[in-house]
Amino acid sequence: MKALSIRQPWAWLIIHGGKDIENRTWHTKLRGRFIVHAAQGMTRKEYETASEFAKAIGVVVPAFEDLQRGGIIGSVELVDSVDHSDSPWYMGEKGFVLCNPVPIQFAPMVGRLGFFDGPSLMDPSAICTFQSGTWECRGDGFLWDADCDGYDPAEQDNPCPCCNTLEYLQRAKEEAETTSRWSNGYSSGTGETIWIGSVRRATEENPDATAEALRAIGVVHALVDDKSAPDGCAVRVHNSPEQEVSHG
């Protein structure tokens, strides 16, 4: 389900205050229900300006400190994208016509610009808030680098170890079985260290899913450097009752 990050108190007004227009400078072809994400940022001046506007329409917003920010607060249906509207909430240049707001329990999540892929509301417990450094779960099972302007937020190169554990470990197995030595300029290791580190991370984030994924994946033949071996590498067997060492 798509999500849209909206600053407070406007996000609250959409879910609780009858605000049926989301003012933007661009049109959208999106139709249907989307997640309302309350942005983290809100200045006192923004709050006061919006509160005065809402009060003139007859709506009183919560106190500044009571507004939830930096997460999901509900969902609403988008039925049209217009250039004009008689709604008292319309300020131009463009407006998304909204209806049928539904509040949900607050769930922390990092926002994005424009519409972005959000989590499913069918199971709120599935909302993932995994974060490691600048890498964050988008809510669809894949990570994106929030600090990299050139990063494509739609790519699926990095499965989330928390909510997409099986695919995360499957890719770790592929790397472990095809890499005997790696280095990125900051650190280095072998295929075996890739596998061991990935299992450790997955276990920390989601131990139940990790145990299930390991049963599904089966034996892993991780590579390590071994100059005494004919091919320069050895195979270490992991995820098996018997841990063996063989030379390639």
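User: What is the volume of the largest pocket?
Analyst: Happy to start there: this is a predicted model in which local features need pLDDT of at least 70 and side-chain atom pairs count only at pLDDT 80 or more, while totals for chains, interfaces and linings use all residues. Residues are numbered from 1 along each chain as its sequence is written, and side-chain values use heavy atoms, with hydrogens and water left out. A pocket is an open set of points, on a 1 Å grid over the protein atoms alone, where a 1.4 Å probe fits and protein lies on both sides within 12 Å along at least five of seven lines; points are joined across faces, edges and corners, and the volume is the space filled by probe spheres set on them. For the largest pocket, that volume is about 620 Å³.

User: Which element gives the largest share of the lining of the largest pocket?
Analyst: Helices (H or I, at least four residues) and strands (E, at least two) are DSSP runs, numbered from the N terminus. Two or more lining residues come from each of H3 and helix H4 (191–205). The largest share, five residues, is given by H4.

User: How many aromatic pairs does the structure hold?
Analyst: Rings of Phe, Tyr and Trp (its six-membered ring) pair if their centres lie within 6.5 Å; planes under 30 degrees apart count as stacked, over 60 as edge-to-face, and the rest as tilted. By that rule, the number of aromatic pairs in the structure is seven.

User: Are the rings of Tyr-47 and Phe-64 stacked or edge-to-face, and why?
Analyst: Tyr-47 sits in helix H2 (residues 44–57) and Phe-64 in the loop between H2 and strand E4 (71–82), so this pair links distant parts of the chain, 17 residues apart. Both Tyr-47 and Phe-64 are buried (under 20% relative accessible area; exposed is over 50% and partly exposed in between, with a 1.4 Å probe and protein chains only). Because their centres are 5.5 Å apart and their planes stand at 85°, the pair is edge-to-face.

User: Which residue lies over the face of Phe-64?
Analyst: A charge sits over a ring if NZ of Lys or CZ of Arg is within 6 Å of the ring centre and within 35 degrees of the ring normal. At 3.9 Å from the ring centre of Phe-64, the residue over its face is Arg-44.

User: What is the angle between the ring planes of Phe-96 and Phe-115?
Analyst: Phe-96 belongs to strand E5 (residues 94–108) and Phe-115 to strand E6 (residues 115–117), 19 residues apart. The Phe-96 and Phe-115 rings are stacked, with 5.9 Å centre to centre and a plane angle of 25°.

User: How many salt bridges are there?
Analyst: A salt bridge needs a side-chain nitrogen of Lys or Arg within 4 Å of a carboxyl oxygen of Asp or Glu. Salt bridges that share partners join Lys-19, Glu-22 and Arg-24 into one network. The count of salt bridges comes to 10.

User: How many residues apart in sequence are the parts that Arg-7 and Glu-46 tie together?
Analyst: Their side chains meet in a salt bridge at 2.9 Å, N to O. Arg-7 is partly exposed at 38% relative accessible area, and Glu-46 is partly exposed at 30%. Arg-7 lies in the loop between strand E1 (2–6) and helix H1 (10–16) and Glu-46 in helix H2, so the residues separating these parts number 39.

User: Which helix holds both Arg-171 and Glu-167?
Analyst: The side chains of Arg-171 and Glu-167 form a salt bridge of 2.6 Å, N to O. Being four residues apart, they are separated by about one helical turn in helix H3 (residues 165–176).

User: Which residue in E5 is the bridge partner of Asn-23?
Analyst: Strand E2 (residues 21–24) is covered on both faces, with Ile-21 and Asn-23 buried on one side and Glu-22 and Arg-24 buried on the other. Two strands pair if DSSP finds at least two bridges between them, and E2 and E5 pair in the antiparallel sense over four bridges. The partner of Asn-23 in E5 is Gly-95.

Key:
1 Å grid on protein atoms, 1.4 Å probe; cavity = no way out; pocket = protein on both sides within 12 Å on 5 of 7 lines; lining within 4 Å.
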